[in-house]
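Here are a few notes to go with the model you sent over. Have it open while you read, and take the points in order.

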Amino acid sequence: MQHALQTLAYAVIHLIYPAICLTCDRSLSKHERLLCIPCTLSLPFTNFHLLASNPLDKKFWGRVTIESTCSLLFMEKLSKSERLIYGLKYQNREDVGEFLAEETAKKYRNIWKNSGINVILCIPLHKKRLKQRGYNQCHQFCISLSQALGIPFYPKALSRISFQSSQTQMNRSSRWENVSQAFRINNSSLLEGKEILLVDDVLTTGATLEACASSIIKSCQAKVHVFTMACKI
Ligand SMILES: [Zn+2]
């Protein structure tokens with residue numbers, strides 16, 4: 001309900017005030033959406049889709065078997081990508097997810113088609129966190145990606161069963177202890193034998209993605225690819 005009200009409020013404000021670029025506050029033309037063209041062109045894209053291997057591959061080495069790991073943007077302090085992810089996570093800007101999904105689909109469509117990816121999942125939020133935030137910040141991204149690529153997204157296939165305080169200040173081993181038993185697979189037959197794209201917002205230590213991917217691989221004969229909207233190298 002709170003989320004619906006926020007969305008409605010945003011729509012009304014949008015009608016009264018002209019849209020402005022999320023990262024530079026310039027007024028947007030009717031052909032621009034979310035970001036102005038100069039800001040879009042200067043986003044710190046990783047362009048990992050052009051490389052045979054990338055620096056994220058080693059994040060999971062020796063921990064869990066991940067088929068491929070990619071990210072759309074580099075996350076740098078006070079950068080445009082940081083502003084986008086902040087809007088997405090804390091300011092109810094799910095349109096950021098839609099925008100990033102369109103950019104992602106342009107770059108990764110053929111790679112994922114060739115990999116045979118046939119399911120999209122995202123890291124679930126605990127119901128307490130979901131209530132606090134009002135939405136899962138990865139959902140709109142996954143819905144838009146699913147529509148663009150014609151690959152099903154199952155938002156209820158996974159649950160988060162333990163609630164943790166924020167992980168942002170923790171190191172990798174603390175994060176791992178925090179999340180290792182955190183996920184439940186609700187319908188393993190749905191994921192059996194699938195080639196899964198597991199999505200999260202930001203890849204930092206990888207502990208959350210590792211725990212979630214381990215649970216999926218243990219419960220289902222599935223392969224997991226990891227994709228995040230932004231990454232810290
Ligand atoms: Zn701009």
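1. How many bridges join strand 5 to strand 6? Keep in mind that this is a predicted model. Eight bridges link the two strands, and they run parallel.

2. Now look at strand 2, residues 119-122. Strand 2 also pairs with strand 5 in the parallel sense, this time over four bridges. Here Leu 121 has Leu 198 as its bridge partner.

3. Is strand 5 mostly covered or mostly open? Mostly covered: nine of its nine residues, 195-203, are buried.

4. How do you get from strand 5 to strand 6? Follow helix 9, residues 207-219: strand 5, helix 9 and strand 6 make a right-handed β-α-β unit.

5. Next, find Thr 104 in helix 4, which spans residues 94-115. Why do we call Thr 104 buried? Because its relative accessible area is 0%, and buried means under 20%. A polar atom of the Thr 104 side chain lies 2.7 Å from the backbone oxygen of Leu 100.

6. What does Thr 104 touch beyond its neighbours within four places in sequence? Its contacts there are Leu 72, Arg 109, Trp 112, Phe 141, Leu 145 and Phe 227.

Key:
Residues numbered from 1 in each chain as written. Predicted model: local features only at pLDDT ≥ 70, side-chain atom pairs only at ≥ 80, totals over all residues. Heavy atoms only, no water. Buried < 20%, exposed > 50% of the residue type's maximum accessible area, 1.4 Å probe, protein only. Pairing = 2+ DSSP bridges. Right-handed = clockwise from strand over helix to strand, strands pointing away. Polar contact = N/O pair within 3.5 Å; in protein donor to acceptor, adjacent residues only side chain to side chain. Contact = heavy atoms within 4.5 Å.
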